[in-house]
Amino acid sequence: MCEVSIRAVRRQPHLCLMSNSQHAKTELPLLAILGGPGVALALVLATSTLSRSIAVANVALGLALLTTFVSSISWQGGLTTSITAAACLNFFHTDPVHSLQVTSGSDLAMIMLLMSLGFSSSYLTARRTRS
């Protein structure tokens, strides 16, 4: 239920037409858009030091879970997270390391699957929010 209240802000009346739950709904997608790529980068950086003991597929699986979670909150966050996750996975975990060049077909397939998962789940979220 939306509450209408008048508050004095710098001695001028201010009309507030949004309830606290509506403020939370507008802040959550922004947090997903900014936080999703940041968490993806942090996950990839944390696992890049352990790249010899953790398989690239396991890192990709973690990024896929993160991308799906973020895209369920915001379709824009899902897109930015999937692009960031794919680029970071390629840069830090595939050979040649610290390069965006892809030399293996299996690495290319993994990167494309990660991006397509993020894009498709973001598309489904966008359709759900429009309905």
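In helix α2, the buried residues are Val59, Ala60, Leu63, Ala64, Leu66, Thr67, Val70 and Ser71, where buried stands for under 20% relative accessible area, exposed for over 50% and partly exposed for values in between (1.4 Å probe, protein chains only). The structure is a predicted model, in which local features need pLDDT of at least 70 and side-chain atom pairs count only at pLDDT 80 or more, while totals for chains, interfaces and linings use all residues. Residues are numbered from 1 along each chain as its sequence is written, and side-chain values use heavy atoms, with hydrogens and water left out.

The secondary structure of the protein consists of four helices and two strands, arranged from the N terminus in the order β-β-α-α-α-α; helices (H or I, at least four residues) and strands (E, at least two) are DSSP runs, numbered from the N terminus. Of the 131 residues of the protein, 29% count as buried. Helix α2 covers residues 56-73, and its 18 residues should span 26 Å at 1.5 Å a residue, which agrees with the 26 Å between its end C-alpha atoms, the expected span being 1.5 Å times one less than the number of residues.

His93 belongs to helix α3 (residues 75-93) and counts as buried because its relative accessible area is 8%. Its side chain makes a polar contact of 3.0 Å with the side chain of Thr47, a polar contact being a pair of N or O atoms within 3.5 Å, of which, within protein, one must be able to donate a hydrogen and the other to accept it, and residues adjacent in sequence count only if both atoms are side-chain atoms. When residues up to four places away in sequence are not counted, His93 is in contact (heavy atoms within 4.5 Å) with Val44, Thr47, Ser48, Ser51, Val56, Val59 and Cys88.

Leu117 is found in helix α4 (residues 105-130), and, its neighbours within four places in sequence being left aside, Leu117 is in contact with Ala64 and Thr68. Between Leu117 and Ser71 there are 46 residues of separation in sequence and 9.7 Å in space, C-alpha to C-alpha. Across the protein, among contacts between residues at least 6 apart in sequence, 56% join residues at least 24 apart.
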